[in-house]
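Open the model in your viewer and keep the selection tool ready. We will go stop by stop.

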Amino acid sequence: MSTHRSRRSFLRHAAAGFSTLALSRLAQAQAATEPQPRALQVENAVVEPVSVEVNARVIPNFEPRDRTRTRFGSLDYRSGLVLTSPYRGFGGLSGIRLDAKGEGFLAVSDQGGWFTGRIRYSGRNMAGLADVEAAPLLGAEGRPITEKRLWWDSESIARDGNFVYVGLERVNQILRYDFSKGGTRARGEVVPVPAGVRKLPSNKGLEALVVVPKGKDQNMPLAGTLIAFSERGLDADGNLTAFLIGGPTPGQFSVRRTEKYDISDAVLLPSGELLILERKFSWFTGVNIRIRSIPLKSIAPGALVDGPALFAADLGHEVDNMEGIDAHVTPDGETVLTLISDDNFSMLQRTLLLQFTLAE
């Protein structure tokens with residue numbers, strides 16, 4: 001039996017908990033009442049700007065059990081990579097944003113690091129990464145944010161032109177970076193947030209950020225709004241809380257929680273469709289992920305929003321702890337979704353980069 005196959009069998013059948021969230025975030029969230037000492041939390045932090053070597057292994061099939069299958073719900077599998085690096089700080093990737101071509105990327109690690117570079121393609125398929133660099137997220141004083149107590153869990157990222165927003169889960173703060181002032185060397189400034197954000201659970205707090213761009217489209221009533229989603233901050237009815245920050249109608253709303261899924265990221269399509277990446281973990285079934293579609297026009301202060309699932313997968317597929325999603329449109333008009341996983345710096349998990357085409 002191949003090493004790859006035996007590993008996947010282990011993940012599926014040995015309680016599946018040694019995969020994805022079991023070894024770190026979910027296990028900690030279920031059992032811990034106090035954060036671990038800071039020295040343990042930031043042992044893989046990026047401490048200075050550095051070029052990084054990243055190796056890639058191609059994932060030819062999203063479902064190894066059926067290599068002829070390419071359609072999964074409303075998505076068509078395009079290609080995937082398993083990413084590894086000799087650089088100790090590479091991993092924990094919790095959010096990603098691509099340029100309009102789907103090549104240049106900006107990613108954030110949950111231990112306070114930026115990663116930039118570009119995706120290399122062979123035709124329509126991803127072949128590897130190039131020009132990868134890492135740098136620490138800096139605070140307003142120009143020092144790495146990991147020097148502050150609990151300011152290491154950078155889980156979410158959104159981009160609005162030169163402005164990049166990063167959500168910090170443990171302290172439920174949002175930092176804004178002006179990339180016109182040095183790119184990843186820019187200093188972050190704290191964004192004022194509603195009181196409800198500060199009350200989110202420390203380990204189930206800010207997990208996804210989306211900026212609704214300003215423009216001429218009259219179907220974008222939330223233009224200029226930063227939407228912040230909690231991983232599992234629950235309202236009185238057990239639904240997931242989210243916040244509208246800035247913009248014309250700031251406030252709080254909820255996303256209907258079903259089947260015990262939590263939010264891990266979100267992306268806004270040009271069509272005005274908001275896609276929410278979700279995941280759940282069970283000691284019996286392992287990790288499950290799905291993507292739900294929410295009409296942006298349904299979001300307003302006090303609203304409870306819901307939408308259909310476009311895609312679902314489990315450990316029978318090539319998934320891991322999928323924490324990031326973004327989208328770009330090809331010259332042929334195809335909407336491509338890019339997903340990335342957080343390996344929690346665990347030898348039993350993987351950093352995966354997956355791409356799918358959104359079927360019409």
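Helices (H or I, at least four residues) and strands (E, at least two) are DSSP runs, numbered from the N terminus. This is a predicted model, where local features need pLDDT of at least 70, side-chain atom pairs count only at pLDDT 80 or more, and totals for chains, interfaces and linings use all residues. Residues are numbered from 1 along each chain as its sequence is written, and side-chain values use heavy atoms, with hydrogens and water left out.

**Whole protein**

Show everything. The protein has four helices and 24 strands. Of its 360 residues, 56% are buried (under 20% relative accessible area, with a 1.4 Å probe and protein chains only).

**The largest pocket**

A pocket is an open set of points on a 1 Å grid over the protein atoms alone, with protein on both sides within 12 Å along at least five of seven lines. Its lining residues have an atom within 4 Å of a point. A volume is the space filled by probe spheres set on the points, which are joined across faces, edges and corners.

The largest pocket holds about 670 Å³. Select Arg97, Leu98, Arg159, Asp326 and Ala327: of the 30 lining residues, these are the closest to its centre. Next, colour the elements that give two or more residues to this lining, among them E5, E6 and strand E9 (154–160). Which strand gives the most to the lining of the largest pocket? Strand E22 does, with four residues.

**The largest cavity**

A cavity is a set of grid points where a 1.4 Å probe fits but cannot get out. There is one cavity of 30 Å³ or more. The largest cavity has a volume of about 80 Å³. Select residues from its lining, including Phe90, Phe105, Phe115 and Ile340. Strands E5 (93–98), E6 (104–109) and E8 (125–136) each supply at least two lining residues. The lining has eleven nonpolar residues, no polar and no charged ones (Ala, Val, Leu, Ile, Met, Phe, Trp, Tyr, Cys and Pro count as nonpolar, Asp, Glu, Lys and Arg as charged, and the others, Gly among them, as polar).

Last stop. Two strands pair if DSSP finds at least two bridges between them. Select the open sheet of four strands, in the order E17-E18-E19-E21, with antiparallel pairing. Its edge strands are E17 (262–268) and E21 (309–314), each pairing on one side only. Zoom in on E19 (residues 286–295): E19 and E21 pair over five bridges. There, arginine 292 stands opposite alanine 309 of E21.

Technical notes:
Buried < 20%, exposed > 50% of the residue type's maximum accessible area, 1.4 Å probe, protein only.
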